[in-house]
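Hi,

Here is the structure I said I would pass on.

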Amino acid sequence: MRNPLSDEVVKIKPSGIRKFFDIVAEMKDAISLGVGEPDFDTPWHIRDEGIYSLEKGKTFYTSNSGLKELREEICNYLQRKCDVSYTWNTDVIITVGGSEAIDIGLRAMLNPDDEVIIPQPSYVSYEPCTILAGGKPVIINLKAENEFRLTAKELLDAITEKTKVLILPFPNNPTGAIMEKEDLEAIAKVCIEKDIFVMSDEIYSELTYKGKHVSIASLPGMKERTILINGFSKAYAMTGWRLGYACGPKEIIQQMTKIHQFCIMCAPTTSQYAAVEALKNGDEDVAAMCESYNQRRRFLMNRFREMNLECFEPFGAFYVFPCIKEFGMTSDEFATRFLEEEKVAVVPGTAFGDSGEGYLRVSYAYSIERLKLAMDRLERFVNKLREEKKNK
Amino acid sequence: MREQILTVIEKNSRIDIKELAVLLGLNELDVANEIKAMEEEGVIGGYHTLIDWEKTSIEKVNALIEVRVTPQRGQGFDSIAERIYQYPEVSAVYLISGGYDLLVSLEGKSLKDISLFVSDKLSTLDTVLSTATHFVLKKYKDHGTILASNKTDERETFTP
């Protein structure tokens, strides 16, 4: 029989997060700090609107691009929060999570061998999606001394004649890094000069702890070369509803919609009705969840300081990214031993790119009680490792 | 600062001040002083424990009583409310808008206890026109906390 598989797909490495979760699932009393998903339930009024839409029998497909009302609300929201104006009927597409938007956005833009610049550590999908779209990933290894922000110099060094798209994943998973306005202005200047497009993944935009999030699309000359991706999973604790969106120049959105209509048809209808409610009346919920995350972030940073564990202060998302280089082992070794000896699961930084070596991703989408327990175990483990090192 | 502190301690009054300061990114001494000031000003009236008595062997009966009264000249409802809230078995008294005037929350050992209180003490007050007693059969949620649930972390593992 012939090989039934695509070489291109077989070559793609599975995600590194998986391995740990498989072990955690087996271990009964393990504490996981590995999940990248809010621990809150979707606010009740949002769930209620979803239920109400079902009761009223709103169970049909929506238009391919998504409900008109939702697209209008998204435009209002982006105007209000990020100061960018989009036109609902030409510049917006509702997708199945932000992840679909990444996929179809790249597919709509890339020609064979176009280069896509991907700053890492970052979310694991950008690289495989680029490859599957026929593009060539070019990795920038972000540096701890820059607080894992992307600098104009790093970007310039990575640009070639074939560069077409820059992926800009801030606030960042897994580092928690943010890009402030001045940082973005420097990047925008390069993008305009070199005529490259930006795919700005702003899924964590509501979770920032040092001033309001700034979208690169709001900077002069950038809206026409930016695909802004966002969604409902992180801000409104709506992961399971699978709903995101992309906004951008109408030529790109039009082609994205073409791919979307053939592969997906439309995003889930119930989720779309619930999302309208989220955008209309969800600000207070977002603020309350954000305050909780911020408290946990401060708690973790304080514990790291107390145990003398190096960690730059992250101001976004719900992750901290402590450095474990002092122990002289790889992220993978550290995470494996930590799981085996203290039964706490964290994700090795290398799951998000080679530049994650020497770091761990610790999610704080967990209650303070759970974080306390995990930090007590981490402190014990860190002290043990330091003892071992001394006695060597 | 006050709103931040109150929001946390409303849910967890046992949190220690050092930890509270860390969570809020504030100075420990400032937090301690602010709490003390709020205690003195009566913003913080006390620190109570939310108990689900159902789960103990101790019998308790709760009732909510609607009370219609005649307000008194120059004092409105205040003096009658004061007469009612002095009783130790009364756990809360609210002045209410709508069809009746005062809502009295009562805690007793038995149904009889509560009936006796209503018939002997409450109804016999001069200004009380009528009462309607509602016994609490089950508490689902109290002080913002759901009593009946034992929710676990149901998030499944997934990639990425």
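A:Asn308 counts as exposed, because its 11 C-beta neighbours inside 10 Å fall within the limit of 12 or fewer. A:Asn308 also has a positive phi of about 60°, even though it isn't a glycine. You'll find A:Asn308 in the loop between α11 and β9 of chain A. Keep in mind that this is a predicted model.

That loop between α11 and β9 of chain A also holds A:Ala317. A:Ala317 is not a glycine either, yet its phi is positive, at about 55°. Is A:Ala317 buried or exposed? A:Ala317 is buried, because 30 other C-beta atoms sit within 10 Å, and 20 or more is what it takes to be buried.

While you're checking the backbone, there are cis peptide bonds to look at too. One joins A:Gln120 and A:Pro121, with omega at about 5°. A:Pro121 has its place in the loop between β3 (115-120) and α6 (126-132) of chain A. Another cis bond runs from A:Phe170 to A:Pro171, and omega there is near -10°. For A:Pro171, go to the loop between β5 (163-168) and α8 (181-194) of chain A.

Next, the domains. Chain A is assigned a domain 1 (7-42 + 284-382) and a domain 2 (58-280). Taken over C-alpha atoms, the centres of domain 1 and domain 2 of chain A are 25 Å apart. Their contact draws 35 residues from domain 1 of chain A and 32 residues from domain 2 of chain A. On the domain 1 side of chain A, α11 and β9 (319-320) each put in at least two residues of the part that touches domain 2. α11(A) gives the largest share of that side, with 7 residues. By class, that side of domain 1 of chain A splits into 19 nonpolar, 9 polar and 7 charged residues.

Cheers

Methods: Residues numbered from 1 in each chain as written. Chains lettered and ligands numbered in written order. Predicted model: local features only at pLDDT ≥ 70, side-chain atom pairs only at ≥ 80, totals over all residues. Domains from an automatic or database assignment. Contact = placed C-beta atoms within 7 Å. Helix = DSSP H or I, 4+ residues; strand = E, 2+ residues; numbered from the N terminus. Nonpolar A, V, L, I, M, F, W, Y, C, P; charged D, E, K, R; others polar.
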